[in-house]
Amino acid sequence: MTRLEQLKNKVDELYQARNEERADWADWLYENHVFVVAGYAGELADRFGASKELAMAAGMLHDVADAVMKRENAEHEEKSLGIARQLLREVGFSDEEIRVVVDDAIRFHSCHNGNVPQMPDGKVLATADALAHLKRDFYDHAIETFRADKASVEDMKKWVFSKLERDFNAKI
């Protein structure tokens, strides 16, 4: 079994454990986003000369803390990075590979405040994440979630426009 196959199994186990503290839409993300991003990352890595294995691993692990905690938790980002390091180590990735996947690709894939990935694998992940948002029903599901939470139209618009701006202008 390849390292990516082993990693996929570990990510499957983590999401399927259905931790009670997980993000509200963790099940949806698991079924409709996590491996979609990994697939796009693999395709883009082939096209642009990044490591397919590292880009796909990053895709499987971006925001992995969603499986165990809500996004609003102040520890979410650090927990994602920690889980990613642990799982990569468990399936045999080297310290240098983990540094590329975790400290560049995953840490900066959201492209907040001008902080963008520097390595090809990270750039591929950021683009793959944006493509998954734009080409799939990510935004439809997010808006349904906002409605269920009784968010105001203004709050929804603010979030969507900000995320679209980053997807189009920072990530791709």
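Just after α4, G92 takes a positive phi of about 100°. The model is predicted.

**Helix α4**

What length should this helix have? At 1.5 Å a residue, the 15 residues of α4 should span 21 Å. Its end C-alpha atoms are 21 Å apart, which agrees.

Which residues of α4 are buried? They are H76, S80, L81, I83, A84, L87 and L88. Seen down the axis of α4, these buried residues fall within an arc of 165°, so they line one face of the helix. An α-helix has 3.6 residues a turn, so residues three or four places apart point the same way. The cover over the buried residues of α4 includes α1 (3-16), α3 (52-61) and α5.

**A84 in its setting**

A84 is found in helix α4. Its relative accessibility is 0%, so A84 counts as buried; the cut-off is under 20%. Beyond its neighbours within four places in sequence, A84 is in contact with L61, V64, V102 and I106. A58 lies 26 residues from A84 along the chain, yet their C-alpha atoms are separated by 8.3 Å.

**The largest pocket**

About 880 Å³ of space lies in the largest pocket. Of the 33 residues that line this pocket, the closest to its centre are D63, R71, H76, W159 and K163. Helix α4 (76-90) is one of the elements that give two or more residues to the lining, along with α2 (26-48), α5 (95-108), α6 (120-135), α7 (138-148) and α8 (153-171). The lining divides by residue type as follows.

| Type of lining residue | Number |
|---|---|
| Nonpolar | 11 residues |
| Polar | 10 residues |

How values were computed: Residues numbered from 1 in each chain as written. Predicted model: local features only at pLDDT ≥ 70, side-chain atom pairs only at ≥ 80, totals over all residues. Heavy atoms only, no water. 1 Å grid on protein atoms, 1.4 Å probe; cavity = no way out; pocket = protein on both sides within 12 Å on 5 of 7 lines; lining within 4 Å. Points joined across faces, edges and corners; volume = space filled by probe spheres on them. Helix = DSSP H or I, 4+ residues; strand = E, 2+ residues; numbered from the N terminus. Nonpolar A, V, L, I, M, F, W, Y, C, P; charged D, E, K, R; others polar. Expected span 1.5 Å × (residues − 1). Buried < 20%, exposed > 50% of the residue type's maximum accessible area, 1.4 Å probe, protein only. Arc of directions from axis to C-beta. Contact = heavy atoms within 4.5 Å.
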